[in-house]
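Biologist: Hello! I would like a close look at a single part of this protein, if you have a moment.

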Amino acid sequence: MKVDGYVVHGGLGLGRGASVRIEDGAGIMVYIWEGEVWLTQEGDPRDYFVTPGQWFRIKRDGTALLYATRRTHATLTSARAENYARLISFTPAGTSSPRAIYEAPRRRRAWLERFGLGLFASS
């Protein structure tokens with residue numbers, strides 16, 4: 001197995017029909033332990049099927065979708081310790097309600113401080 005330095009989400013169990021959406025996650029590696037996912041990424045006309053023992057590295061930012069074609073166990077890893085994606089959400093099979101499993105920290109405070117708007121400065 002090829003492993004990056006940081007586990008983004010280990011033990012990701014997907015029932016047949018479940019999906020994972022990764023927003024702006026260039027560099028995240030998807031490793032399949034069992035099952036199979038169909039993977040597509042924004043701006044790439046090709047689709048990929050990743051099967052047990054295989055991995056796929058997301059090559060670009062934008063949206064990448066993983067769809068479990070059968071019961072699947074996967075691991076997501078990254079070479080970065082944090083901010084590996086803007087958002088990673090999971091939609092269980094048979095539902096239409098995604099839930100966030102990772103969300104990058106918002107940078108609003110840093111942006112305000114950088115432009116001299118010290119609204120959060122302690123007195």
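Where is D24 found? Please take me through that part and what lies around it.

Modeller: Gladly! Keep in mind that this is a predicted model. D24 sits in the loop that runs between β2 (19–23) and β3 (29–41). Its backbone deserves a look: D24 is not a glycine, yet its phi is positive, at about 50°.

I22 touches I28, I58, G62, T63, A64, L66, L76, A85, L87 and I88, leaving aside residues up to four places away in sequence. I22 is also one of the residues that touch the most other members of the largest nonpolar core, a set of 26 residues; L14, V20, I28, V30, L76 and I88 are the others. The elements that give two or more residues to this core are β1 (6–14), β2, β3, β4 (47–50), β6 and β7. Of these, β6 gives the most, with 5 residues. In soluble globular proteins, nonpolar side chains tend to be buried together.

β6 and β7 bring us to another loop. N83 lies between β6 (63–78) and β7 (87–91). Its phi is positive as well, near 55°, in a residue other than glycine. With a relative accessibility of 23%, N83 therefore counts as partly exposed.

Terms used: Residues are numbered from 1 along each chain as its sequence is written. This is a predicted model: local features need pLDDT of at least 70, side-chain atom pairs count only at pLDDT 80 or more; totals for chains, interfaces and linings use all residues. Side-chain values use heavy atoms; hydrogens and water are left out. Helices (H or I, at least four residues) and strands (E, at least two) are DSSP runs, numbered from the N terminus. Buried means under 20% relative accessible area, exposed over 50%, partly exposed in between (1.4 Å probe, protein chains only). A nonpolar core is a set of buried Ala, Val, Leu, Ile, Met, Phe, Trp, Tyr and Cys residues joined through side-chain atoms within 4.5 Å. Contact means heavy atoms within 4.5 Å.
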